[in-house]
Amino acid sequence: MAAGASSWALEERDHARIERSLQSFLYDSNARCVLLVDRAGQLVTTAGERPDFDQAAFASLAAADFAANDQLASMIGEKEFSSLFHQGERESMYLADIARRVILVVLFDNRTTVGMIRIKVKGVVRELTEVFHEIFSRAPSASSPVLEAAFADEAEDEIDRLFGDM
Amino acid sequence: MSLINYSSREISCKIVYYGPGLCGKTTNLEYIYDKVSPSTRGKLISLATQTDRTLFFDFLPVDLGAIRGFKTRFQLYTVPGQVYYNASRKLILRNVDGVVFVADSQVERLDANIESMHNLYENLAEYGVDLREIPFVIQYNKRDLPNISSLEELQGQLNPNGVQHFEAVATRGIGVFDTLAAVSKLVIRSLS
């Protein structure tokens, strides 16, 4: 059976490159933290101050926010809104598209400005676009643990254990 | 679109509950939320109208725990069932790994079920996905109500390809976890 959409894998070396780009962006921009979320609403990674909210819920809402705005863009004849800005009293958010598959979410406060964030986001988006293009063009690794039948067997046992007696 | 994160050693998969308005999609997630241990699930997020109708989606992450060193997580979503909300319904289907169609067994909802099933095929097709090729199960809900279609009729109308199906009374949890377990297993198998 084919998967609903191709899976993708983030390897250690990808993570190291992403982490370097994000740390350098945080240093340059003075943002509080960044989250990378894929378009399916799954959290890829975070950098900077550790968010004290539910990150899985946040990721799902950020992806939905971006997806809804994508549709709004097309309704007014735009191909996309490649970035979104939500301004709060103390905390603000800036969201930017990466390679049409991932969303960069920047959380910042009054230690910086939206102008500075906007300028610095361009650079990190460029770097990450390159990284993610490589990731997505790669075929899933043959040595991937999820491709082993034993993984599915163990997962099925766990599903039965967890949901079986409910 | 499942994500295998070797760095954080996590695997995430997206499962969407689909079906006509008031068929019980949100009720499925609420029951799962109530019964699963808080250490196994995250927060239930509901973007609903003031009258508790789903406006955009409900979201519930459920963790399977570590399988061969990989923390495995299912992200459960519902769509708004009302016909009017098709634009947002389609967005939730994006990058889906598995689908549960929740049918309302009441006779007067048969047409709504059929329409919703067609809508599911169409919306997936717009993403280039064929429902017959992805993990998919059907749940016939509200089997406790008096005026319901027979299982044979529902199967004939909604399940020509013979995918796994479950009879359910989601308000009492009957069939809820059988459905979730079945679609979860199909999604896990689809990774291999």
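**Conventions**

I number residues from 1 along each chain as its sequence is written, and chains are lettered from A, with ligands numbered from 1, in the order in which they are written. Because the model is predicted, local features need pLDDT of at least 70 and side-chain atom pairs count only at pLDDT 80 or more, while totals for chains, interfaces and linings use all residues; side-chain values use heavy atoms, with hydrogens and water left out.

**Entry: where chain A meets chain B**

How many residues does each chain bring to the contact? I count 51 residues from chain A and 51 residues from chain B, with contact meaning heavy atoms within 4.5 Å. Between them the two chains bury about 4800 Å², and 64% of that is on carbon and sulfur atoms; buried area here is the accessible area (1.4 Å probe) that two parts lose on being put together, summed over both.

Between chain A and chain B I find four salt bridges, a salt bridge being a side-chain nitrogen of Lys or Arg within 4 Å of a carboxyl oxygen of Asp or Glu. One salt bridge joins the side chains of Asp160(A) and Lys185(B), at 2.7 Å from N to O. I also noted eleven residue pairs in polar contact between chain A and chain B, both residues at pLDDT 80 or more. For a polar contact I require a pair of N or O atoms within 3.5 Å; within protein, one must be able to donate a hydrogen and the other to accept it, and residues adjacent in sequence count only if both atoms are side-chain atoms.

Which elements of chain A supply at least two residues each to the side that touches chain B? They are strand 1 (8-10), helix 1 (12-29), strand 3 (43-48), helix 2 (55-75) and helix 4 (149-163), where helices (H or I, at least four residues) and strands (E, at least two) are DSSP runs numbered from the N terminus. Helix 4 of chain A gives the largest share of that side, 13 residues. By residue type, the side of chain A that touches chain B divides into 28 nonpolar, nine polar and 14 charged residues; Ala, Val, Leu, Ile, Met, Phe, Trp, Tyr, Cys and Pro count as nonpolar, Asp, Glu, Lys and Arg as charged, and the others, Gly among them, as polar.

I picked out Ala68(A), which lies in helix 2 of chain A and is partly exposed at 21% relative accessibility. Not counting residues up to four places away in sequence, Ala68(A) touches Phe56(B) and Leu91(B).

**Entry: salt bridges within chain A**

Over all chains the count comes to 23 salt bridges. Arg17(A) and Glu134(A) form one, with their closest N and O atoms 2.9 Å apart; this pair links helix 1 to helix 3 (residues 114-137) of chain A, across 117 residues. Arg17(A) is partly exposed at 27%, as is Glu134(A) at 39%.

Arg39(A) and Asp97(A) meet at 2.7 Å, N to O, and they connect the loop between strand 2 and strand 3 with strand 5 (residues 92-98) of chain A, 58 residues apart. Both partners are buried: Arg39(A) has a relative accessible area of 5% and Asp97(A) one of 11%.

**Entry: positive phi in chain B**

I looked up two residues in loops of chain B. Asp52(B) has a positive phi of about 65° although it is not a glycine; Asp52(B) sits in the loop between strand 3 (45-48) and strand 4 (54-67) of chain B. Asn95(B), also not a glycine, has a positive phi near 60° and is found in the loop between helix 2 (86-93) and strand 6 (98-104) of chain B.

Buried or exposed? Asp52(B) is exposed at 67%, whereas Asn95(B) counts as buried at 17% relative accessibility.

Methods:
Buried means under 20% relative accessible area, exposed over 50%, partly exposed in between (1.4 Å probe, protein chains only).
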